Amino acid sequence: MSVALGSTRPLVVRTTPVDDPGDLFTRLPETAPYAWTRHGEGLVGWGEAVRVAVPPGPRRFDWARDRLSAMFAEALVEDDVVAPGSGPVAFGSFTFDPESPGSVLVVPRTILARRDGRAWLTTVGEQRLGTVTPLRDPGRIRYGDGSLTAPEWEHAVARAVRRIRSGLLEKTVLARDLTATAERPIDVRLLLSRLARRYPECYTFSCSGLVGATPELLVRRTGETVESLVLAGTIPRGTDRADDMARGTALFDSEKDRYEHTCAVESVREALGPLCSELKIPEVPELLVLSNVQHLASPVTGRLSAGASVLDVVAAMHPTAAVGGTPTEAALEVIRELEGMDRAGYAGPVGWIDARGDGEWGIALRCAQIEGVNARLFAGCGIMGDSDPASELAEAQAKLRVMQYALEG
Ligand SMILES: C=C(O[C@@H]1C=C(C(=O)O)C=C[C@H]1O)C(=O)O
């Protein structure tokens with residue numbers, strides 16, 4: 001049963017150290033698993049002690065922060081670990097568009113965590129034993145077009161390019177969706193295990209049916225320290241080592257991709273600058289090589305000047321130019337007009353926050369919304385004035401393969 005917020009009963013929260021649980025996903029029951037992990041470390045949760053539907057609107061992050069602060073402040077907490085992610089934790093997913101419904105915060109009944117050689121278990125309220133059943137295969141997967149067919153989407157890219165060339169904006173990001181139907185209900189735990197194995201560099205997440213493995217860390221807050229990984233500029237992997245390296249070099253040398261990356265970095269600088277007393281952004285990006293694609297990547301670190309929580313930082317950063325565009329408002333208008341779909345949680349912030357205001361939030365990329373036998377997969381690309389619709393389609397397909405693999409194995 002979920003407790004409505006504003007109810008009079010405070011949460012009773014207990015965190016205790018536990019022996020190393022090993023693979024976190026093997027501890028998850030099938031129903032409604034929550035997860036945020038990378039390289040085998042992170043948090044998984046199950047059961048719902050509290051579920052909060054965040055109302056759409058421009059102040060949704062503030063609203064969410066205030067609701068959580070009130071709930072966490074009155075919680076009765078015994079925390080024998082005291083680390084980021086111990087004590088009460090809410091997982092959350094916010095829609096890309098502030099006006100879209102579907103943003104949600106959930107405090108799981110049980111959270112199991114593993115980080116830096118420590119492990120702990122947090123329980124909220126009375127416990128019911130979650131039975132761990134074997135992973136279930138969803139059977140054959142049938143795919144269908146989402147809101148646009150591939151040629152229609154290429155056409156949308158061409159229109160966006162024309163807008164950019166006319167000088168209305170510098171960059172936008174266009175995404176497409178794909179539907180998938182399985183023979184049997186999709187077991188989210190199976191998707192998580194496959195994603196974590198194939199994409200260990202990425203953050204494997206699950207929150208209220210939104211499941212994926214994103215390489216893009218929007219923000220991690222640990223006390224005063226904030227970190228972010230800005231990605232923009234992509235090329236598919238090569239067919240062998242030499243081809244791979246040649247493609248990596250081409251990406252690094254591509255003026256289009258470097259400029260696209262600069263737009264994303266500058267949007268992060270603008271958002272984080274006012275919140276930080278110190279901000280370090282490398283002058284030259286690195287190459288992040290994943291199983292399916294290679295990205296230009298800039299790791300950013302900063303020191304928060306005032307006591308902003310991780311959600312305050314998320315509010316300031318979303319949407320970065322990596323998933324929106326430059327300038328933001330013009331880019332969002334183009335997205336609304338040309339994509340022809342509601343992005344829902346795709347490209348929105350997904351992650352967790354604790355009662356100290358620490359937490360980790362990613363941009364929900366390489367993901368799908370799962371419901372029973374149905375999945376809706378998403379992927380998008382940064383569009384510049386010299387983008388080629390066919391190459392952008394190939395890039396989107398390469399990104400979609402992450403979730404196709406998760407579904408099919
Ligand atoms: C929009 C997506 O990815 C974003 C766009 C990128 C690009 O266009 O080069 C690279 C990484 C992400 O910031 C996606 O994966 O759906």
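**Exercise 1.** How far is an oxygen atom of the ligand from an N or O atom in the side chain of Thr 234?

*Solution.* The model is predicted, so local features need pLDDT of at least 70, side-chain atom pairs count only at pLDDT 80 or more, and totals for chains, interfaces and linings use all residues. Residues are numbered from 1 along each chain as its sequence is written, and side-chain values use heavy atoms, with hydrogens and water left out.

Step 1. The distance at Thr 234 is 2.4 Å. A polar contact is a pair of N or O atoms within 3.5 Å; within protein, one must be able to donate a hydrogen and the other to accept it, and residues adjacent in sequence count only if both atoms are side-chain atoms.

Step 2. At Tyr 346, a polar side-chain atom lies 2.6 Å from a ligand oxygen. Leu 231 takes part through its backbone, with an N or O atom 3.0 Å from an oxygen of the ligand.

Step 3. The ligand taken alone exposes 390 Å², of which the protein buries 100% (Shrake-Rupley method, 1.4 Å probe).

**Exercise 2.** Describe the residues that surround the ligand.

*Solution.* Step 1. The shell holds 18 residues, a residue being near if one of its heavy atoms lies within 4 Å. The closest are Glu 216, Thr 234, Tyr 346, Arg 366 and Gly 380.

Step 2. By class, the shell divides into 8 nonpolar, 5 polar and 5 charged residues. Gly counts as polar, and Asp, Glu, Lys and Arg count as charged.

Step 3. Two or more shell residues come from each of strand 15 (225-236), strand 23 (374-383) and helix 8 (389-408). Helices (H or I, at least four residues) and strands (E, at least two) are DSSP runs, numbered from the N terminus.

**Exercise 3.** Is Ser 206 buried or exposed?

*Solution.* Step 1. Ser 206 belongs to strand 12 (residues 203-207).

Step 2. Ser 206 counts as buried because its relative accessibility is 2% (buried: under 20%; exposed: over 50%; partly exposed in between; 1.4 Å probe, protein chains only).

Step 3. A polar atom of the Ser 206 side chain lies 2.6 Å from the backbone oxygen of Pro 33.

**Exercise 4.** Which residues of helix 6 are buried?

*Solution.* Step 1. Helix 6 (residues 310-317) is mostly covered, with 6 of its 8 residues buried.

Step 2. The buried residues are Val 310, Leu 311, Asp 312, Val 313, Val 314 and Met 317.
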